[in-house]
Amino acid sequence: MKLHIKNVKKNFSSFRVLNGVDIIVEKGSFHAVLGVSGSGKSTLLKIITGLESIEGGQILLDGKDVTHVPTETRGIAYVFQSPLLFPHLTVKENIRFGMEVKKYDKKTIEERVEELLKLLRIEDLGDRMPSEISGGQQQRVSIARALATEPSLILMDEPFSGLDPALRIEMGNLIKDLQRLLDLTIVFVTHDINESLRLSNYISLLDQGEILQSGLTHEVYYKPQNRKSASIMGDGNWIKGIIKANRFSSSFGDVSAIGFPTGEAEMFLRPHQVIIGESRAAFKVKISGISRLGKETQLTVAYGEEFMKIDTFSNENYQINQEISIMFTDSNCHIVPCG
Amino acid sequence: MRKFKPSNKTNKYLLALPILLIYGLFLGGGLIGVAIESSGYIPALGLTEVGMAHYMNILSAPNFWSDLTYSLYIAFFAATISTLLGVYMAYRLLLSKHKKIEILVKKIMQMGMILPYLYMVFLVLILFSRTGLISRVMYNLGFIETLEQFPQLFYTPSGAGIILIFVMKGVPFVTLFVLNIMGRIGKYYYQVAKIHGASDFYILKKIYLPLSSTAIIWSSSIVFIYYLGAFEVPYLLNSNKNVNLSSRLYSLYIDTNISTIPDAMAYNMLLVIIGIIAVVVYSQVLKRIVKGGGH
């Protein structure tokens, strides 16, 4: 199912929470909405389900306006931040809930429950009460419950935030596998950059109730439209320069800039796109800062008055003031004209 | 000096002991006293013959069984209607998106709880009697041609007026009691169920009733046993045909003939026994209905 969130506006009292949010979620895509706490992510999901009303805009499902359609008839599934399993029902009864509401026949319900227990790898937990299983298992049950009625769209509101890092990755992989296997359309809200990069193929960056950028995840990551978009997705290097005759010139030399207008511009590179090594095109820089993060080392290097961040997996023992050679390829450079 | 902290179950019971002792002393002592006097043993009145004669007097009285049926009927209907309306009100208040209206309704309910039963009798008489405000408004608006066409709610064998007053007092109690628990359960389960396509009624039946069953059973049982034992409202509004057990007991109490005291005490004991049996049956039936919602 294709979802179009069209120019959605939402106020809480006099405070505007969402200001003209526009997102298109393609059918069969895993679309992440990335933003910090308080950016309006959860509110946006509740608006899609109809749990929250809006002051302006539309929600379109496959082109059909569902803005005023009641929650219970939208056919959307929602996985909350906390599993919210009904505490008085067993795991199986929780999974059955939506199917019983929709009056599936008993045989179909039983078959589907068994299938989902297997798919979510919780076959042995069917008769347990929610209080008798772990947080990770509870979230699996809540996902099984969401999948039970084969919804056309699944919304996930930071569903793994309460889990430990290892389990988080495991659950993320599970969801990704399920999405591919069942061709699900998923909108996944998170404030975790790595999680959004790992899981999604499309991403929208939400900041203070506005969409900063939307598109293919790797494009948004490597080709941010501005500094804010870039910073939401992690560290980056912005190098000032000038575009002249289809070339971008900066203190780090020239790179191709075909099709860009003449004038001031900035070049963007993620820290891991800067390569340490000797070549004719390399620059000599001096290390001014080192952060060792286990398998990864983050260096801050100085080149004249410019500073640059570099991520490297090299296990070399770098030292402050050490001189190293760095380079980057034209294809990795993303040029953003100023103004 | 070391501070005493209730760190285990025993300590909790020890902390509850003073209040349990006071209750045990008054209630237990009172019950023992009543039981002794109901057997006919009141030496101060020169009655020393012990037996079950007074119980037999009451049980064999022609009006006892009809009084009992009437008492159970009033208590059952008033408690059931109070519970249904109270639970529904609590659920609606839980889901309310209008905070100001919610606060106002709660305040009105608290007022309703504070208001004494006798005030409620006068209020309801002013409003709902044949010469009351509502019948006059209906008459003046032309809905009824004469005041006699307005239904007679008071002093009738149906006990409609008594049930109405009990419901008006019972609904706020059940609402606030149950809302306290529903508020703790929160709205998230409602949202989850709603997303799965459930209607408001389905969610109430399958989620909120089972989860707040303890509060519902307790509050409903409390109003049931209270209505079974309450005497002032039925005493004022009973018809000549039907009298409930508590009113009958009150008449015995205020009888100037002191030889009726053993009968009154036997009546009292019977009312206690009937009350216990009735409330156990009532709460068990309610438990099946309320908890059955989840399965």
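Buried area is the accessible area that two parts lose on being put together, summed over both. Keep that in mind as we walk through this predicted model, starting at the place where its two chains meet. Chain B and chain A bury about 1,900 Å² between them, and 69% of that lies on carbon and sulfur atoms. If you'd rather count residues than area, 18 residues of chain B are in contact with 23 residues of chain A.

Which parts of chain B do the touching? Helix H8 (188-195) and helix H9 (200-211) each supply at least two residues of the side of chain B that faces its partner, chain A, in contact. H8(B) gives the most to that side, with seven residues.

Four residue pairs are in polar contact across the interface of chain B and chain A, both residues of each pair being at pLDDT 80 or more. The interface also holds one salt bridge. Lys194(B) is joined by a salt bridge to Glu72(A), and their closest N and O atoms are 3.1 Å apart.

Now follow that bridge back into chain B. Arg92(B) and Asp200(B) meet through their side chains in a salt bridge, at 3.5 Å from N to O. Here the pair links distant parts of the chain: Arg92(B) sits in helix H3 of chain B and Asp200(B) in helix H9, 108 residues apart. Arg92(B) counts as partly exposed, because its relative accessibility is 32%, and the cut-offs put anything between 20% and 50% in that class. Salt bridges that share partners tie Glu72(A), Arg92(B), Lys194(B) and Asp200(B) into one network. So, as you trace this network, you pass from chain B to Glu72 of chain A.

Another salt bridge in chain B is worth a stop. The side chains of Arg248(B) and Asp67(B) meet at 2.6 Å, N to O. Are the two partners buried or exposed? Arg248(B) counts as partly exposed, at 24% relative accessibility. Asp67(B), on the other hand, is buried, because its relative accessible area is 2%, and buried means under 20%.

Leu17(B) is partly exposed, with a relative accessible area of 39%.

Next, chain A. Its secondary structure comes to eight helices and 20 strands. The C-alpha atoms of chain A fill a box of roughly 70 × 45 × 35 Å along the principal axes. Chain A has 339 residues, and 50% of them count as buried. It exposes about 15,900 Å², with carbon and sulfur atoms supplying 49% of that. Among contacts in chain A between residues at least 6 apart in sequence, 65% join residues at least 24 apart.

Val336(A) is buried, because its relative accessible area is 14%, and the limit for buried is under 20%. What does Val336(A) touch? Leaving out residues up to four places away in sequence, Val336(A) touches Pro224(A), Gln225(A), Trp238(A), Ala265(A) and Glu266(A). The C-alpha atoms of Val336(A) and Phe260(A) are separated by 8.7 Å, and these residues are 76 apart along the chain.

Finally, here's a salt bridge within one helix. Lys107(A) and Glu111(A) form it, with their closest N and O atoms 3.4 Å apart. Both residues lie in helix H3 (residues 106-119) of chain A, four residues apart, which is about one turn of the helix. Lys107(A) is exposed, with a relative accessible area of 59%, while Glu111(A) is partly exposed, at 45%. Over all chains, the count comes to 21 salt bridges.

Key
Residues are numbered from 1 along each chain as its sequence is written. Chains are lettered from A and ligands numbered from 1 in the order in which they are written. Side-chain values use heavy atoms; hydrogens and water are left out. Buried means under 20% relative accessible area, exposed over 50%, partly exposed in between (1.4 Å probe, protein chains only). Contact means heavy atoms within 4.5 Å. Buried area is the accessible area (1.4 Å probe) that two parts lose on being put together, summed over both. A salt bridge is a side-chain nitrogen of Lys or Arg within 4 Å of a carboxyl oxygen of Asp or Glu. A polar contact is a pair of N or O atoms within 3.5 Å; within protein, one must be able to donate a hydrogen and the other to accept it, and residues adjacent in sequence count only if both atoms are side-chain atoms. Accessible areas come from the Shrake-Rupley method with a 1.4 Å probe; for residues, only the protein chains shown count as cover.
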